[in-house]
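Subject: Structure handover and notes

Dear colleague,

Here is the structure I said I would pass on. My notes on it follow below.

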Amino acid sequence: MAEEMKPGLFEKGGKLYWLHSSIDAFDTFLRVPGTVTAKGAHVRDGIDLKRVMIMVVIALVPAALFGMYNVGLQTSTLYGLNWTFWHMFFYGLLRMLPLFVVSYAVGLAIEFGSAQIRGEEVNEGYLVTGFLIPLIVPVDVPLWMLALAVAFSVIFVKEVFGGTGMNIWNPALVARAFLFFSYPSSMSGSSVWVSKTWAGLGDVDAISAATPLAIAHDAGIEGLTSQYSFMDMFYGFIPGSTGETSVIAILLGAILLVWTGVASWKIMVSSVAGGLLIGWLGQLGGATQLPCYYQLVMGGFLFGSVFMATDPVTAAQTETGKWIYGFLVGALAVIVRLWNPGYMEGMMLAILLMNTMAPLIDHCVVSVHTSRRAKKALTV
């Protein structure tokens, strides 16, 4: 009789089968999985979840690269250092690198550990979440705080609900919300948006670097335009979260996401429409002197509309629901900005609230559609 083939080292029955989930995750990340359909009535495509996630990461790269340069630019400008372009960029790179390392190390450790315990495949969704989190927090946020926020987000927002595809809220935004409400002094104020440390000089006293949102809130349009022009805010040469300042970089990512069909342009467009409408109404009603289009280039509005609100897991799923969901995200963000003096950036709260409401929006859309079809059938 032919000798029975022994199972592979990481296959069922092998000595290291308990590491199967981790090995499979690395294998399928680098190569196309071998478990693809070759015949029959199945949809065959070159895209899987890992490739979709990687596409989002690629779309985020322009914002990340510009953000690294802007970290150096803001530091050089405020401290009068007269750095060159490459000095500013590499300084920002070195300041951002620990944030990415902590974000991925903590998040992936929990993801891999959870998959090993449950004997399931490692979820791919953290490829994007791990890249997003460093782009939406201050560059000088203490690394231990970031690690706590990442752990809280992955455990209580993803794993408790069953992993990627099952979460109700955007994990990256929950990590930011955790930091904001747990450690507000490290997430708000005028001294947290510019790095206070540079190579060779050690820690120095922070210099105030208020964001355009804070200036507009405290000093109005006159105070804002005296420090930053509209084009400064459009290009991104302003203090703020690393990935959120440059409209051009964000639009490049949006074009890629829409062109590849990864993200919904309906949510992006309706979010901008909602923000512009409330900004215009607020200007007419005297709540602000800012032109409505200023809302798009300040804070994290556009970044949230492109990369956060469009998360296919936590956003509305129906086509009509996407229009409603996006519009309410943009509208609520500007409402918070104009009428909540305690919190000037409303995008985080708006998206998290609408994540909660997205299933209800889809339910209402489907119910209305079903009711109309039923009435039409009765009249025929």
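N82 sits in the loop between α2 (49–79) and α3 (85–118); helices (H or I, at least four residues) and strands (E, at least two) are DSSP runs, numbered from the N terminus. Although N82 is not a glycine, its phi is positive, about 55 degrees. Most residues other than glycine have a negative phi. N82 counts as exposed because its relative accessible area is 74%; buried means under 20% relative accessible area, exposed over 50%, and partly exposed in between, with a 1.4 Å probe and protein chains only.

Before the rest, a word on the source: this is a predicted model, in which local features need pLDDT of at least 70 and side-chain atom pairs count only at pLDDT 80 or more, while totals for chains, interfaces and linings use all residues. Residues are numbered from 1 along each chain as its sequence is written, and side-chain values use heavy atoms, with hydrogens and water left out.

Overall picture

The protein chain has 14 helices and two strands. Of its 380 residues, 49% are buried. Taking contacts (heavy atoms within 4.5 Å) between residues at least 6 apart in sequence, 70% join residues at least 24 apart.

Helix α10 and its surroundings

Helix α10 covers residues 265–284 and packs on helix α13 (residues 319–339) at an angle of about 35 degrees, with the axes 7 Å apart. Axes here are lines fitted to C-alpha atoms, for helices over the stretch in contact, and angles run from 0 to 180 degrees between N-to-C directions. The crossing of α10 with α13 is right-handed; a crossing is right-handed if the near helix is turned clockwise from the far one by less than a right angle, and left-handed if anticlockwise. The contact of α10 with α13 includes 15 nonpolar, eight polar and three charged residues. In this scheme Ala, Val, Leu, Ile, Met, Phe, Trp, Tyr, Cys and Pro are nonpolar, Asp, Glu, Lys and Arg are charged, and the others, Gly among them, are polar.

With 20 residues, α10 spans 29 Å from its first C-alpha to its last, close to the 28 Å expected at 1.5 Å a residue; the expected span is 1.5 Å times one less than the number of residues. The buried residues of α10 include K266, I267, M268 and several glycines, namely G274, G275, G279 and G282. What the buried residues of α10 pack against is α9 (247–259), α12 (301–308), α13 and α14 (347–379). At the start of α10, a side-chain oxygen of S264 comes to within 3.3 Å of the backbone nitrogen of K266. Just after α10, G286 has a positive phi of about 85 degrees.

α9 has 13 residues and reaches 18 Å from first C-alpha to last, close to the 18 Å expected. Its buried residues are V247, A249, I250, G253, A254, L256 and L257. α9 is followed by G261, with a positive phi near 75 degrees.

α12 is mostly covered, with eight of its eight residues buried. Among them are F301, F303 and F307.

Single residues to look at

- Q295 is in helix α11 (residues 294–297). Q295 counts as buried because its relative accessibility is 2%. Leaving aside neighbours within four places in sequence, Q295 is in contact with L290, F301, V334, R337 and L338.
- Q74 is in helix α2. Q74 counts as buried because its relative accessibility is 9%. With neighbours within four places left aside, Q74 is in contact with V194, F237, I238 and P239. Q74 and G240 are 166 residues apart in sequence, and their C-alpha atoms are 9.7 Å apart.
- F178 is in helix α6 (residues 171–182). F178 counts as buried because its relative accessible area is 18%. F178 is in contact with L148, A149, F152 and Y183, leaving aside neighbours within four places in sequence. The C-alpha atoms of F178 and F152, which are 26 residues apart along the chain, are separated by 7.9 Å.
- T129 is in helix α4 (residues 126–135). T129 counts as buried because its relative accessibility is 8%. Not counting residues up to four places away in sequence, T129 touches S103, P171 and A172.

Regards

Key: A polar contact is a pair of N or O atoms within 3.5 Å; within protein, one must be able to donate a hydrogen and the other to accept it, and residues adjacent in sequence count only if both atoms are side-chain atoms.
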